[in-house]
Amino acid sequence: MPRTALRICPLCEATCGLTLTIEGAAVTGARGDREDVFSRGFICPKGAAFGALDSDPDRLRAPLVRRDGRLQEATWEEAFDTIAAAVPALVREHGPQAAGLVLGNPNVHTMAGALYPPLLLKALGTRNLFTASTLDQMPKHVSSGLLFGDAFAIPVPDLDRTDFLLLLGANPVESNGSLCTAPDFPGRLKALRARGGTLVVVDPRRTRTAKLADRHLAPRPGSDALLLAALAHTLIEEKLAAPGALEEQIEGTGELAAALESFTPEAVAPACDLTAAEIRTLARELAAAPTAAVYARIGSCTVEYGTLASWLVDVLNILTGNLDRPGGALFPLSATAPAPRPAGPGKGFALGRWASRVSGHPEAKGELPTAALAEEIDTPGEGRIRVLLAIAANPVLSAPDGDRLDRALAGLEFMVSVDPYLNETSRHAHVVLPPPPPSQSAHFDFAFNGFAVRNQARYTPAAVPLEAGRMDECEIHARLILAVSGLHGSADPAGVDELAIHSALAKETAAAHSPLHGQDPARLAGLLTGGSGPERRLDLMLRLGPYGDRFRVGAAEREAEPGADPSAQPAADPSAQPAADAAAYGLSLERLLASPHGIDLGPLGPRLPGVLKTRSGRIELLPDPIAAELPRLRAALADRPAALVLVGRRHLRSNNSWLHNVPALTGGSNRCTLQVHPQDADRLGLTDGGRARITADGGSLDVPVEITDTLRTGVVSLPHGWGHDRTGTRLSVAAATPGANVNQLLDGSRLDPLSGTAVLNGFPVTLAPLP
């Protein structure tokens, strides 16, 4: 008989709750969980295709080890023996900087990807960390770090209560949102308008999101920072700036006004290809709205001035008094975040604490630009990367100049991939470690709950027992840590989790402000529940978090504790507690398991000044690195725009490069075509369905043409994540319709200098028809 099981969807940032139908060990259906406290039954095509992804016959079912130049199936012991024999020896011979770690986008969609990479990086002892962040969101981390002192203090729009939403370079109707975790983003936008609110979308394409808007502005790609600067200038010039309660928490207001003085709407309008009147009207509407939020994503991040644009988004939220207030932009409070500490000055945020070996790119948030990975491997010299660990990463398709990286990977002395597929990157590995299908893994969203539009906590155990011959993804990571540490065979992988637990408790009990100060870490560790190391670590983080029970236990357990008071009561049912009293929820793993559809922790609320970790203890409105970058933006006012520039686009049934092998998600609008405006097509002699050669810094691609008026003139669009035409992969569905790798048009030289993020949008191209 079929049965049902709950599972949080791991296929995008919306984190919707699913109800799976299971027959035997196979997932035969998926629908939205109507009782889920966050998603309320919403589901998109990706979630509906959960079963097809889970049972994809191309998924690897056993480790692969390279023997005589060929990847062949091996046992888990053989795989880890091979790693243990190679990696420690190479690190001893060449030093820790000879190792590199690459983390791909799917990492943040798994428990293993959240819990173990920091431990793996520490075990390797290297500074060579490359992640998907420098291909999408690093500008927002950097701007938040500079403004608030914490790179993870990212405010999100209060979608359910705002009166005015200004949305730039984002298409959440297709992407389901990014750095703003919101199931049913389209429904929330429609609800905004239904309650009389206003939605303004700024995008060079008339996307499905733009079609929902009250007003759509289509500026030149890459001009977001100039537009935002002009909006901020107008607020200051026309005395519309009203920070309100924020006034006492900000510094640098006068310096900001002087720095933005030259960015008048009249000066900016030609570069944006908007009118000065449109810019002034938008600024006035933003200031006049009862509540408002400015939100910008990929289209404004992966451009030349991505960090400045990200900074200016929050500058506008601050100047209008909408930061940290309901209906504006608020800081979420995740259940596994550190418990709030006393407000006051912090350590601040620093850029460039070290630099990449070859081009001297400064680190940001401990990461180096992924665009620099190839040169760090193929450029001879001391510190050259010889050993690479790639965890759920496919940078051959996701990073600029995949051809060069492809060649560089082939020259590595040793490479390990943790990946369910043999794809364009993992095909170069000496060992491939495949995690099980998502139905066989437990799930908690450590990352995305920190960007959620409503505070909540949800945990789903594995829906299907682990298949014989499989290894749990968390155990794979733990064993990998032991293997690169030279401890394989001599230590229990469960010890990796226990060491992490005791380390966290030792730190907590040593902190003077902690309610656990002075307690015995070993005794506290013994109180944790959970059937595995990852569950025990989750229990610990929930207990120590802002809603945690702080190790308050039941009367029976208290009687067993020396000096305990048996009459003390455990925390009350979380559902009965007011959202404002966060500590009263008494969260623990047991409480979460008893609430299979999740626990609602209430709407977002004000959190300043507690969020701030700047050295001044205030919002630093014009940080020095930002001030030093503004002259470059000012010079852009005189730039002559390119005749034709390229932007990417998202499809609802796709997620970067990792869902193209699921038949249910292919075809239809999910195609790799070059979209061209009819006027540009006529000028260039292009025909709908014909082919064209597109050329940029990194080379040329031959692509099919789709003529459409949904984008402005002077702009063409090619989606990201395609190019499944390399030999040696096992992606039969994706290889049948490979598409073209848009990032091959780039040579990696175009970066946002503050964040090291690759410029993937708004770069110049030329087009010519093909016979």
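Student: With the side chain of which residue does the side chain of D680 make a polar contact?

Tutor: A polar contact is a pair of N or O atoms within 3.5 Å; within protein, one must be able to donate a hydrogen and the other to accept it, and residues adjacent in sequence count only if both atoms are side-chain atoms. Here the partner of D680 is the side chain of R683, at 3.0 Å. This is a predicted model, in which local features need pLDDT of at least 70 and side-chain atom pairs count only at pLDDT 80 or more, while totals for chains, interfaces and linings use all residues. Residues are numbered from 1 along each chain as its sequence is written, and side-chain values use heavy atoms, with hydrogens and water left out.

Student: Is D680 buried or exposed?

Tutor: Buried means under 20% relative accessible area, exposed over 50%, and partly exposed in between (1.4 Å probe, protein chains only). D680 has 5% relative accessibility and therefore counts as buried.

Student: What span should helix 3 have?

Tutor: Helices (H or I, at least four residues) and strands (E, at least two) are DSSP runs, numbered from the N terminus. The expected span of a helix is 1.5 Å times one less than its number of residues. For the 19 residues of helix 3 (residues 76-94) that gives 27 Å, and the end C-alpha atoms are 27 Å apart, which agrees. Just after helix 3, G95 takes a positive phi of about 95°.

Student: How is a pair of aromatic rings described, and how many aromatic pairs are counted here?

Tutor: Such a pair is described by the distance of the centres and the angle of the planes. Rings of Phe, Tyr and Trp (its six-membered ring) pair if their centres lie within 6.5 Å; planes under 30 degrees apart count as stacked, over 60 as edge-to-face and the rest as tilted. The count comes to 4 aromatic pairs. One of them is stacked: W76 and F80, 6.3 Å centre to centre with 25° between the planes. Because W76 and F80 are 4 residues apart in helix 3, about one helical turn separates them. F148 and F331 form an edge-to-face pair, 5.3 Å centre to centre with 90° between the planes. F148 lies in helix 6 (residues 138-148) and F331 in the loop between strand 14 (329-330) and helix 16 (373-378), so this pair ties together parts 183 residues apart in sequence.

Student: Which strand pairs with strand 4 through 4 bridges?

Tutor: Two strands pair if DSSP finds at least two bridges between them. Strand 4 (residues 64-67) is joined to strand 5 (residues 70-73), and the two run antiparallel. R67 stands opposite R70 in strand 5.
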